[in-house]
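Please keep the sequence and the structure in view while reading.

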Amino acid sequence: MIKLNGKVTDTLGFFEGNDPFSLIQMYSSPLYVYNERILRQRCRELTSMCFYPDFAVNYSAKANSSLAILQIARQEGLYADAMSPGEIYLERAAGFPKNKIFFVCNNVSGSEMNYAFFRQILISADSLSQLELFGSMHPGSRVAARLNCGIGTGHHEKVVTAGKKTKFGIDAELVPEMIAILEKYDLKLVGINQHIGSLFLEDSSYIDSVNALLSLAKDFPDLEFIDFGGGFGIPYEKQLDQGRLDLAKLGEKLDLIMYEFVKQYGREISFMIEPGRYVVAEAGVLLGTAHSVKKVGGTKYVGTDLGFNVLARPMLYDSHHDIEVYRKEDIPSWKTEAVTIVGNICESGDIIAKDRQLPEILENDLLGVLDAGAYGYSMSSSYNSRLRPAEVLIRRDGSAILIRKRDILEDLVKSQLSIEL
Ligand code: LLP
């Protein structure tokens with residue numbers, strides 16, 4: 001096998017000596033591959049980024065809720081947020097204790113709230129009406145609230161989750177009404193949280209939002225914790241040497257702010273961050289196969305099995321993922337050229353990389369889509385009745401183990417009922 005532009009995975013030692021072609025032969029194409037060492041390294045960078053003693057990293061499981069990934073995050077000392085009863089179920093299955101799961105829900109039914117409540121999992125209300133619903137069902141209980149302090153950020157407008165133009169959180173202007181509901185139902189507000197959006201590499205908006213949240217926090221006397229939210233970015237353009245988020249600097253800034261806050265507040269409380277992408281994105285590579293090469297209207301298309309059913313991010317947000325090219329035979333590509341890499345789904349938007357400068361790709365080459373560990377498998381689907389791929393974990397001793405089987409054709413009908421004709 002030769003790697004035609006494998007600098008990033010080579011530098012990381014991503015495959016730990018495994019041959020991507022052997023992995024594909026064993027588990028079929030496409031295939032999500034994760035590296036346990038890198039995953040643990042990212043967890044440790046986060047858990048050690050602050051000196052403040054009661055600082056927790058709440059892993060946002062929506063980024064990747066595969067059981068083995070959750071298990072590793074738990075063993076590394078992370079807590080977990082959940083967005084749905086399904087995520088609570090998976091986190092419990094991965095061994096997270098109930099007091100380390102935080103239900104950061106949005107627009108849920110009373111019965112979904114109760115799924116968490118009766119498992120003693122703390123719930124954050126994301127609107128006055130959700131707080132009212134919770135209070136009417138469980139007066140006298142502990143609760144948290146998600147606040148929207150008006151500052152948002154994100155790599156695309158669809159992932160900005162605070163500010164005036166989003167559906168999330170209780171508008172800071174409504175805090176007096178929120179307090180009235182807390183009093184009406186004798187609720188104890190033990191935590192406040194926010195999440196301003198996904199992917200920042202420069203921390204100024206995040207720090208501004210932390211300060212804004214803390215300026216509201218002073219008015220709540222019973223707080224046990226404050227959760228600043230996630231959004232910690234990773235460099236998706238590694239082939240162009242894009243810089244990393246400076247975690248050490250962000251940690252220092254947060255330390256100053258947290259120590260100062262508790263001095264004023266009069267007692268120590270816990271603080272949390274809620275990253276998803278930072279934990280797992282760089283620990284994942286998506287492998288796929290080039291099945292066809294053709295030209296239409298002057299554009300060279302490389303047709304692969306990497307449709308948006310497998311990785312939705314490029315189609316949804318025009319997201320960039322670096323791509324490496326691997327070849328089984330020792331045949332070099334003598335030129336690089338602009339190609340558009342597409343999937344096998346019946347929509348013209350099914351493009352994973354547009355006009356990308358890459359070494360000439362031949363049929364049967366493998367493509368390695370980098371930084372695919374977050375919002376990859378968790379957003380995949382069986383659209384076009386395609387089978388979702390397997391997931392493999394490369395352990396620290398270099399062994400590659402299956403952590404999720406590829407779907408089989410029977411999965412397409414297993415929950416359907418045919419009718420009498
Ligand atoms: N906390 C809450 C309440 C969230 O809604 C999210 C992400 C996070 C934490 C974690 O954000 P992160 O650290 O991963 O940026 N599918 C999009 C990202 C959507 C994020 C949704 N919420 C993507 O592929 O870029």
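Two strands pair if DSSP finds at least two bridges between them. Helices (H or I, at least four residues) and strands (E, at least two) are DSSP runs, numbered from the N terminus. The model is predicted, so local features need pLDDT of at least 70 and side-chain atom pairs count only at pLDDT 80 or more, while totals for chains, interfaces and linings use all residues. Residues are numbered from 1 along each chain as its sequence is written, and side-chain values use heavy atoms, with hydrogens and water left out.

**Pairing of strand β7**
- Strand β9 (residues 188–193) runs parallel to β7 and pairs with it over five bridges; Val143 stands opposite Leu189 of β9.
- Strand β6 (residues 122–125) is also paired with β7 in the parallel sense, over two bridges, and Ala125 faces Ala145 in β7.
- Strand β8 (residues 170–171) is joined to β7 by two bridges and runs parallel to it; Leu147 has Ile170 in β8 as its bridge partner.

**Crossover**
- A right-handed β-α-β unit is made by β6, helix α7 (residues 128–137) and β7; right-handed means that, with the strands pointing away from the viewer, the path from the first strand over the helix to the second runs clockwise.

**Burial**
- Strand β7 (residues 142–148) is largely enclosed by the rest of the structure, because six of its seven residues are buried (under 20% relative accessible area; exposed is over 50%, partly exposed in between; 1.4 Å probe, protein chains only).
- Cys346 counts as exposed because its relative accessibility is 67%.

**Cysteines**
- The count of disulfides is zero, a disulfide being a pair of cysteine sulfur atoms within 2.5 Å.
- The sulfur of Cys149 is too far from any other for a bond, because the closest cysteine sulfur, in Cys105, is 18 Å away.
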